[in-house]
Amino acid sequence: MMPRISSLVLTLFLICIFSCQKKEETNATKAVLYPNQDAPLALLMREMFLDMEEIKLSVENKEALKSYLEKHKDILSAIPTNPKVKTEQFQLMGNAYLESLTTLENSSEDLLIDNYQAVVNTCLGCHQQYCPGPIQKINKLIKE
């Protein structure tokens, strides 16, 4: 009877250790995936990327574009991880992005692809200056 209890306690102990390690690995992985996870600007940027994927599909399929302008205007006011990011240059680049998005949303069909590329290029230009981490991901938005 005693060896069974010892065996059971040992098994429960090992399960506890391994489950704690898995949880720590999951949290570490999450931190690496999203180092700026809670900043409103980082959250908005992730949503903007998903929106750009939708826009890319619409452009490729020659479908009417939904408007994302109102949602994306928050780029100018959303709180960044590092407050020093919100410089005058950041504001200018944010406004340039919003202008290129407006142009895209009002594009004629023959200018749709070029104007889409212009939006992606404004994203790349800003990220080259401020936060280069997402550049590889943004490059996936480039229309081939």
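**Entry 1: starting at a ring**

I began with Phe 90, which has 3% relative accessibility and therefore counts as buried. My cut-offs: buried is under 20% relative accessible area, exposed is over 50%, and partly exposed lies in between, with a 1.4 Å probe and protein chains only. I note that this is a predicted model, where local features need pLDDT of at least 70, side-chain atom pairs count only at pLDDT 80 or more, and totals for chains, interfaces and linings use all residues. Residues are numbered from 1 along each chain as its sequence is written, and side-chain values use heavy atoms, with hydrogens and water left out.

**Entry 2: the ring's partner**

I looked up aromatic pairs and found one in the structure. How far apart are the ring centres of Phe 90 and Tyr 130, and at what angle do their planes stand? The centres are 5.5 Å apart and the planes stand at 85 degrees, so I logged the pair as edge-to-face. (Rings of Phe, Tyr and Trp, the last by its six-membered ring, pair if their centres lie within 6.5 Å; planes under 30 degrees apart are stacked, over 60 edge-to-face, the rest tilted.) The pair links distant parts of the chain. Phe 90 sits in helix α4 and Tyr 130 in the loop between α5 and α6, 40 residues apart. Tyr 130 is partly exposed, at 22% relative accessible area.

I then checked Gln 89, also found in helix α4. Its relative accessible area is 39%, so I put it down as partly exposed. Leaving out residues up to four places away in sequence, Gln 89 touches Gln 129 and Tyr 130. (A contact means heavy atoms within 4.5 Å.) Gln 89 and Gln 129 are 40 residues apart in sequence, yet their C-alpha atoms are 9.5 Å apart in space.

**Entry 3: the whole chain**

I stepped back to the overall layout. The protein has six helices and zero strands. From the N terminus on, the order is α-α-α-α-α-α. (Helices are DSSP runs of H or I with at least four residues, strands are runs of E with at least two, and both are numbered from the N terminus.)

I counted 28% of the 144 residues as buried. The accessible surface comes to about 9,900 Å², and 59% of that belongs to carbon and sulfur atoms. (Areas come from the Shrake-Rupley method with a 1.4 Å probe; for residues, only the protein chains shown count as cover.) Of the contacts between residues at least 6 apart in sequence, 60% join residues at least 24 apart.

**Entry 4: helix α2**

I followed α2 from residue 40 to residue 60. Its 21 residues reach 30 Å from the first C-alpha to the last, close to the 30 Å expected at 1.5 Å a residue. (The expected span is 1.5 Å times one less than the number of residues.) Its buried residues include Leu 41, Leu 44, Met 48, Phe 49, Asp 51, Met 52 and Ile 55. Which helices do the buried residues of α2 pack against? I found α3 (69-72), α4 (88-105), α5 (112-129) and α6 (135-139).

The charged end of Lys 137 sits over the ring of Phe 49, 4.6 Å from its centre. (This needs NZ of Lys or CZ of Arg within 6 Å of the ring centre and within 35 degrees of the ring normal.)

Just after α2 comes Lys 62, with a positive phi of about 55 degrees. I flagged it as a positive value in a residue other than glycine. Lys 62 lies in the loop between α2 and α3. It is exposed, at 60% relative accessible area.

**Entry 5: salt bridges**

How many salt bridges does the structure hold? I found four. (Each needs a side-chain nitrogen of Lys or Arg within 4 Å of a carboxyl oxygen of Asp or Glu.)

Glu 47 bridges to Lys 71, with the closest N and O atoms 3.3 Å apart. Glu 47 lies in helix α2 and Lys 71 in helix α3, so the pair ties together parts 24 residues apart in sequence. Both ends are partly exposed: Glu 47 at 38% relative accessibility, Lys 71 at 32%.

Lys 66 bridges to Glu 54, with the closest N and O atoms 3.5 Å apart. Lys 66 is in the loop between α2 and α3 and Glu 54 is in helix α2, so this pair ties together parts twelve residues apart in sequence. Lys 66 is exposed at 52% relative accessibility, while Glu 54 is partly exposed at 37%.

Lys 73 meets Glu 70 at 3.1 Å, N to O. Lys 73 is partly exposed at 39%, and Glu 70 is exposed at 58%.
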